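Please examine the structure shown below before reading on. The paragraphs that follow lead through it step by step.

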Amino acid sequence: MKMRSVHFILMIMVLLPAGCIKDTYNLKMLSKKAHLSPNFAISAVKGDISFSDMVKPNDTVVFDQFKLVTLVFKKDSIVDLKPTDFTKATIVKTATIEPGSIDLNIKDFLNHISGDFQFSNPSIKFSYKNSFPDSVKVNLKASAQRNAKTVNLTLAPFGLTKPNLPTQQEISASYLIDKSNSNLPLLISLPPEIINYSGSVTLTASVKSNPVSDNALIPSHMIGSLEIDIPMELKISNLQYSDTVDNFIKSGNNSSDNPIKPENFDSLRVIVSAKNGFPLGAALKMSLFDSSTHTIKSTVNANAILAPAPVDANGKSAGVTETSTTIKFTKEFFSFVNKADKIIFWFTLNSTGNGIVRIYSDYRINFTAAMVVKPDINLK
Amino acid sequence: MKYILTVILVVVALNAAAQNSQVLYFMNLPQNHLINPALRPSNAVYIGLPVVSGFNLNINNNYVNFSDVIINGQPKDSLISFLHPDYNVDKFLAKIKDKNFLGPELTIPILGIGFSVGKDGYVFLDINTRIESNIVLPGDIFKLALKGNEQFVGSKIDLSSLRGDIKGYNEFGVGYSRNFSEKLRIGIKGKLLFGIACASIDNRSLGIAVNDDYSHTLYADMAVNISGPLTVNMDSKNNISSIDFDDNRFKTTSGIRDFIAGKKNMGLGLDIGATYDVTERIVVSAAITDLGFIRWKKDVTNLKASNHFEFSGLNMVDVVNGTKTIDEVGTDVLDSLKNAFVVSKSKAPFTTYLPFGISFAGSYSVTKNFSLGLLSYSRIISKQIREALTLSANLNLGNAFSTSMSYTAENHRYDNLGAGVAFRAGITQFYLLSDRIPVVWNRIKDGNSNVIIPANWNTFNLRLGMNLVFGNRIKEKSDKPMILVE
């Protein structure tokens, strides 16, 4: 028994000091490189937005009783004629409509777009008040101008209604100019920066009058104004809006302390999901541009960020189209971020199919955009 | 980088858990009544004095070792950390469990007395100061930090197992054991507990659901209960503005004494155990220890937050219709998040329960002095059960010499070799025991300094100290001679 105990104790005595150094770690040889590269995903933005959320009705944008969106441009008093404005003739007297223009104030916007679109049913309402007892005919000349391009209205002279004397001293009425009597759709679809107008008004007396005295005897007056109505009934083919902005992603000069720099991003994915109730599809392209060498360094393409909604026979949206698009920003893209001083955006629109679509104020788009970012965070 | 590593090393090493001294169970030491009050030493009397009675140090964590944090790189002499680009982070995460615990428990014996009463009775009195902590880090925290949240899309980041609990208390225990039959011995110890300080996270639910559309739902139902010389100050929006430590009470001896005495935070505890001699050679035993609670009433602060918050992106409707800027929308979201988890503060007393242990053991006496033992010890901490299974060979030569060798499977490690030795010189009994003897060590060099650390620190246990012992009870043989000579 004693021998057994001694053996047992000896075994412990041998085991205890048998501990040995397995590895030596020299912390001076420890690499200081330390980084984290997690994939973080988060919802960025969302929205369930109708056209009326985006654009409130005002003097220029009007929603009609059917909620059809219409652009309205008005020009008051393009004609303001008194008898003294007419030539002193005995039968046919003529007055001149002073040349003027309607600036649509979209020149900057037009400078950024290319491609075709066509408005199907624009109209111009010539509203007037007329107290001339004689026949009045207006010869309105209008032309649309965009850069070097010009489109003429080609409107035939039209007559004004005259008051029913003696009970009616003045009449208010209007004359509609549209695709049936003019070249208006082509003019509006240019689309114009400015619409210039001019023309003349001819007054034909029913009886021979005294060219000297009658103007003074009859206090007649004719005032006319223009209202251009452009219902959003249109067709868009590769309408592209492009803009160049300063490179806002680029690291600043004082960013050395910032552990997260664009060039240290491994990747970024933007996942856009949408239920689009607009009969318009959209694509987006973004390029890093070096203006000193006029070279595009890297491009990110999202060909179908929004697909257009289906439409019925009248061009009205008849449902929604769901899309989910991933826009990928690669490590290569981020490597060029600091080599570009500008970013060029291209935004391309297309309408559903080949026909005319109508835009109503209750169209909606429901979207979410999530980001999955993989930064390379330097912890050194 | 060095600081990060240092923090990791310190956290893992110092926050290690004292669990139980498995190897102690079958040794002839007065301290073994701490893990089963039915066990008694062969000494008639023992006295454990402050300081010299020793201490109990245990290290347990269930996940990483030094060699998991730092490995050899290229060239061969170089070292890389788990944050280095060349380190395969998946390899590191493979070591991470769903629940990663750190549980420091320190027991400092102030006074221990045990003495025989009557034929087979034994009375013991213990005064200990105990510091216990239990920290559980959900595995998803590590996955989130190192690999991000995309991996959780369609599921949730489960943080419900997050626990944090630290408490210090004084334990006054009086116990008694005796034989109820020739074979059955039962022991019981009642304990009066006085809490010194406590901080406890009561986590009823915590997590983040990451939905398929990358929206997130954060939900939390948590409370932090504190009993200690702290004042938590809130601002007008019910956010924590500052925490003040009341150091005035430690400027006088009576203040320190009052704090350590913890008279206002009282609790009760109970140990109960039994041994049964199945045969002359086979003894089975069972015990439940540290069953108890402390009611914390002094310097109490309760902080509670409960709600859920869903973030599915900045809503652009207001931005599009021009009523708000995107900055304002972002600020609104942050405000909503803050308001969703408004912290309410109160001073309601709270109760903490002690982690308790359940042990089942059996021993087979090969000879009079040599036995083999099998011990199962389960530690129940909140909703977790930690299990250790120990095989041991034990040599007890009266109380002159006692030794034990053990093999323990615990903390997902199956290579824990332990040993204990106790010997008596006059009235003095020295003991040294460990559930895991670090056989393999690593040397950490940093400039001129060298530190030797165990290569594996999942389990490290060291109990050493000294008792004053008097007398030696010799168990009378119950068998009778086969031939009776008159």
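In this predicted model, 14 residues of domain 1 of chain A are in contact with nine residues of domain 2 of chain A. On the domain 1 side of this contact, strand β15 (residues 233-246) of chain A supplies the largest share, namely nine residues. Sorted by class, the residues that domain 1 of chain A contributes where it touches domain 2 of chain A are seven nonpolar, five polar and two charged.

Where do these two domains lie along chain A? Domain 1 covers 35-53 + 235-378, and domain 2 covers 69-231. Their centres, taken over C-alpha atoms, are separated by 44 Å.

The next topic is chain A as a whole. Chain A contains six helices and 23 strands. Of its 380 residues, 26% are buried. Among the contacts in chain A with a separation of 6 or more, 82% are between residues 24 or more positions apart.

Strands can be assembled into sheets. In general, strands of a sheet pair through backbone hydrogen bonds, and the pairing is either parallel or antiparallel. In chain A, five strands form an open sheet with antiparallel pairing, in the order β4-β5-β14-β8-β12. Why is one side of β4 (61-63) and of β12 (171-177) of chain A left without a neighbour in the sheet? Both strands stand at the edges and each has a single partner strand, so one side of each remains without a neighbour there. Neighbouring strands of this sheet are turned against each other by 30 degrees on average, direction ignored.

One pairing within the sheet can be followed in detail. Strand β8 (residues 123-130) of chain A is joined to β12(A) by seven bridges, and the two run antiparallel. Here A:Ser127 has A:Ser174 of β12(A) as its bridge partner.

The remaining topic is the contact between the two chains. Chain B gives 50 residues to this contact and chain A gives 47 residues. On the side of chain B, the elements that give two or more residues include α4 (139-147), β23 (401-410), β24 (413-425) and β26 (440-446) of chain B. The largest share, seven residues, comes from β26(B). The residues on this side of chain B comprise 26 nonpolar, 16 polar and eight charged.

Strand pairing also occurs across the two chains. Which strand of chain A is joined to β26(B) by six bridges? This is strand β1 (residues 20-26) of chain A, and the two strands run parallel. Within this pairing, A:Cys20 has B:Val440 of β26(B) as its bridge partner.

Key. Residues are numbered from 1 along each chain as its sequence is written. Chains are lettered from A and ligands numbered from 1 in the order in which they are written. This is a predicted model: local features need pLDDT of at least 70, side-chain atom pairs count only at pLDDT 80 or more; totals for chains, interfaces and linings use all residues. Two residues are in contact if their C-beta atoms, placed from the backbone, lie within 7 Å. Helices (H or I, at least four residues) and strands (E, at least two) are DSSP runs, numbered from the N terminus. Ala, Val, Leu, Ile, Met, Phe, Trp, Tyr, Cys and Pro count as nonpolar, Asp, Glu, Lys and Arg as charged, and the others, Gly among them, as polar. Two strands pair if DSSP finds at least two bridges between them. A residue is buried if 20 or more other C-beta atoms lie within 10 Å of its own, exposed if 12 or fewer, and partly exposed in between; C-beta atoms are placed from the backbone. Axes are lines fitted to C-alpha atoms, for helices over the stretch in contact, and angles run from 0 to 180 degrees between N-to-C directions. Domain bounds come from an automatic or database domain assignment.
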